[in-house]
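The sequence and the model come first.

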Amino acid sequence: LTSFSYHPQTKDLSLPLFLGNMASEGDWTCDANDAVQITLVQPSEQKPKTLSSFHPQFTYPIFGDDETIFGYKGLIIRLRFAAHDLRPHLHISYDEKFKTVGDTSAVDLLKTLNPFIPEEAFSTLAEYESAVQEDKDAKDFVPPGKLVHNYVTRGRTYEIWAGSLADPKVRRLLDRAQVFVSLFIEAGTPLETEDPEWTLERWTYG
């Protein structure tokens, strides 16, 4: 329901105050921790299959201390990662988006997420699925760097690898993983990987 007030002296057509108040209604605000869904996938016969799906523990580094997102209904922010090399993909869907009223607009999700996710994550879903399916290294993937330790617990073997960030392959893997710092480590800060090569030699990823 929309109504207008008309003032013939000034010919001013303005929205009533209650429309502005719509912007603060809870219907347009969702919990960011619930909206973000993280999915690990791997190649299968026809298209990548899901191995696991879960929600982040935190989203305040991305969406603010309240961990809420304004302007959407039925919002799902799906972050897919290939299980072997963490190749990322971002897919956003929603049922309805808030139409701008005055200075009040829905959160610009792409602009908000861009600093936290590698540029390659913004490809189309078809391009992403094709890249995962056609990755010949997926089955026998070996992390870049060197193996420094391994251990067995509950019947499963775990390995710890280390490598210099001066190695492009190591840096790419870290860039893909860094969003997990913001989503799971309290007060964690992603590492700057755009330093000159001589600076990157100082850091080891493992």
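## Salt bridges around Arg176

Glu120 and Arg176 bring their side chains together in a salt bridge, with an N to O distance of 2.8 Å; the term stands for a side-chain nitrogen of Lys or Arg within 4 Å of a carboxyl oxygen of Asp or Glu. The two residues are 56 residues apart and tie together distant parts of the chain: Glu120 lies in the loop between α4 (109-113) and α5 (125-133), and Arg176 in helix α6. Salt bridges that share partners connect Asp85, Glu120 and Arg176 into one network.

The model is predicted: local features require pLDDT of at least 70 and side-chain atom pairs count only at pLDDT 80 or more, while totals for chains, interfaces and linings use all residues. Residues are numbered from 1 along each chain as its sequence is written, and side-chain values use heavy atoms, with hydrogens and water left out.

How many salt bridges does a search of the whole structure find? The search finds two. Side chains of opposite charge can pair when their charged atoms come close.

Buried means under 20%, exposed over 50%, and partly exposed in between (1.4 Å probe, protein chains only).

| Residue | Relative accessible area | Class |
|---|---|---|
| Asp85 | 7% | buried |
| Glu120 | 30% | partly exposed |
| Arg176 | 3% | buried |

## Surface and overall make-up

Val148, Tyr151, Tyr158 and Ile160 make a nonpolar surface patch of about 340 Å². Patch residues have over 30% relative accessible area and no salt bridge; nonpolar side chains (Val, Leu, Ile, Met, Phe, Trp, Tyr) are joined within 5 Å, and like charges within 9 Å. Strands β11 (146-153) and β12 (156-164) each give two or more residues to the patch. Ile160 sits in strand β12 and counts as partly exposed because its relative accessibility is 35%.

The chain has eight helices and 13 strands, taken as DSSP runs (helices H or I, at least four residues; strands E, at least two) numbered from the N terminus. Of its 206 residues, 32% are buried. The accessible surface is about 13,300 Å², with 50% belonging to carbon and sulfur atoms, by the Shrake-Rupley method with a 1.4 Å probe.
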